[in-house]
Amino acid sequence: MHRHLVAALAAAAAALSAPAAQAETHWLCGLSEDALRLVCLAEAGPTAAAEPAPAPAVRAVVHGTAFPLDPRRRWVVELGSPPSETAFVEQLARATICYRSPDCSVSLAPWRSGPVAAR
């Protein structure tokens with residue numbers, strides 16, 4: 001009986017001392033009023049702390065931008081022209097906001113008037 005108690009306490013201590021897994025960052029992105037920029041903000045979790053969490057550990061750096069992105073700030077992606085297809089905007093948002101961060105996801109807010117029609 002004593003061995004089982006010691007084993008259970010050792011397992012509990014190991015679980016408590018193990019580093020917590022990094023929570024997933026979910027980004028909500030939407031088009032600017034002029035539809036020339038994609039503006040992205042990290043959604044606050046259900047139990048947002050009073051103090052903002054520190055920036056996540058850097059996994060990659062691309063042209064001076066560290067990934068995963070800091071969820072404490074707003075990120076803007078310049079589009080160059082109004083988008084014409086929702087699928088491409090969603091792909092761009094995932095690629096530029098998450099890059100190769102496995103614990104990252106993006107949702108695209110509905111567009112007010114939908115994508116600009118191709119001419």
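Reader: Among contacts between residues at least 6 apart in sequence, what share joins residues at least 24 apart?
Author: That share is 61% for this chain. Keep in mind that this is a predicted model.

Reader: OK, and what is the chain built from, in helices and strands?
Author: There are two helices and six strands. Going along the sequence, the order reads α-β-β-β-β-β-α-β.

Reader: Which strands does β1 pair with, and which way do they run?
Author: One partner is β6, residues 104-108, which runs parallel to β1, residues 25-31, with five bridges between them. Another is β2, residues 37-42, which is antiparallel to β1 and is also joined to β1 by five bridges.

Reader: Can you give me some residues to look for? What stands opposite leucine 31?
Author: Leucine 38 in β2 does. On the β6 side, threonine 25 faces cysteine 104.

Reader: New topic: how many residues are in the largest nonpolar core?
Author: The core has 16 residues, and Trp27, Cys29, Leu38, Ile97 and Val106 have the most contacts inside it. Two or more residues come from each of β1, β2, β5 (75-78), α2 (86-98) and β6.

Reader: Which element gives the most to this core?
Author: That's α2, with four residues. In general, nonpolar side chains tend to be buried together in soluble globular proteins.

Reader: What does isoleucine 97 touch, not counting residues up to four places away?
Author: Isoleucine 97 touches Trp27, Cys29, Cys40, Phe67, Leu69, Trp75, Val77, Cys104 and Val106.

Reader: How many aromatic pairs are there in the whole structure?
Author: A search of the whole structure turns up one. The partners are phenylalanine 67 and tyrosine 99, in a tilted arrangement with 5.0 Å from centre to centre and 40° between the planes.

Reader: Which parts does that pair tie together?
Author: Phenylalanine 67 is in strand β4 (residues 65-67) and tyrosine 99 is in the loop between α2 and β6, so the pair links parts 32 residues apart in sequence.

Reader: Are those two buried or exposed?
Author: Phenylalanine 67 is buried at 7% relative accessible area, whereas tyrosine 99 is partly exposed at 34%.

Reader: What about the backbone around there: what is the peptide bond from phenylalanine 67 to proline 68 like?
Author: That bond is cis, with omega near 0°. Proline 68 belongs to the loop between β4 and β5. Tyrosine 99 has a positive phi of about 50° although it is not a glycine. For background, most residues other than glycine have a negative phi, and most peptide bonds are trans.

Reader: Where's histidine 63, and what is its phi?
Author: Histidine 63 is in the loop between β3 (60-62) and β4, with a positive phi near 50°. Histidine 63 is exposed, with a relative accessible area of 84%.

Reader: Last one: what lies over the face of tryptophan 75?
Author: Arginine 73 does, at 3.6 Å from the ring centre.

Note on methods
Residues are numbered from 1 along each chain as its sequence is written. This is a predicted model: local features need pLDDT of at least 70, side-chain atom pairs count only at pLDDT 80 or more; totals for chains, interfaces and linings use all residues. Side-chain values use heavy atoms; hydrogens and water are left out. Two strands pair if DSSP finds at least two bridges between them. Contact means heavy atoms within 4.5 Å. A nonpolar core is a set of buried Ala, Val, Leu, Ile, Met, Phe, Trp, Tyr and Cys residues joined through side-chain atoms within 4.5 Å. Buried means under 20% relative accessible area, exposed over 50%, partly exposed in between (1.4 Å probe, protein chains only). Rings of Phe, Tyr and Trp (its six-membered ring) pair if their centres lie within 6.5 Å; planes under 30 degrees apart count as stacked, over 60 as edge-to-face and the rest as tilted. A charge sits over a ring if NZ of Lys or CZ of Arg is within 6 Å of the ring centre and within 35 degrees of the ring normal.
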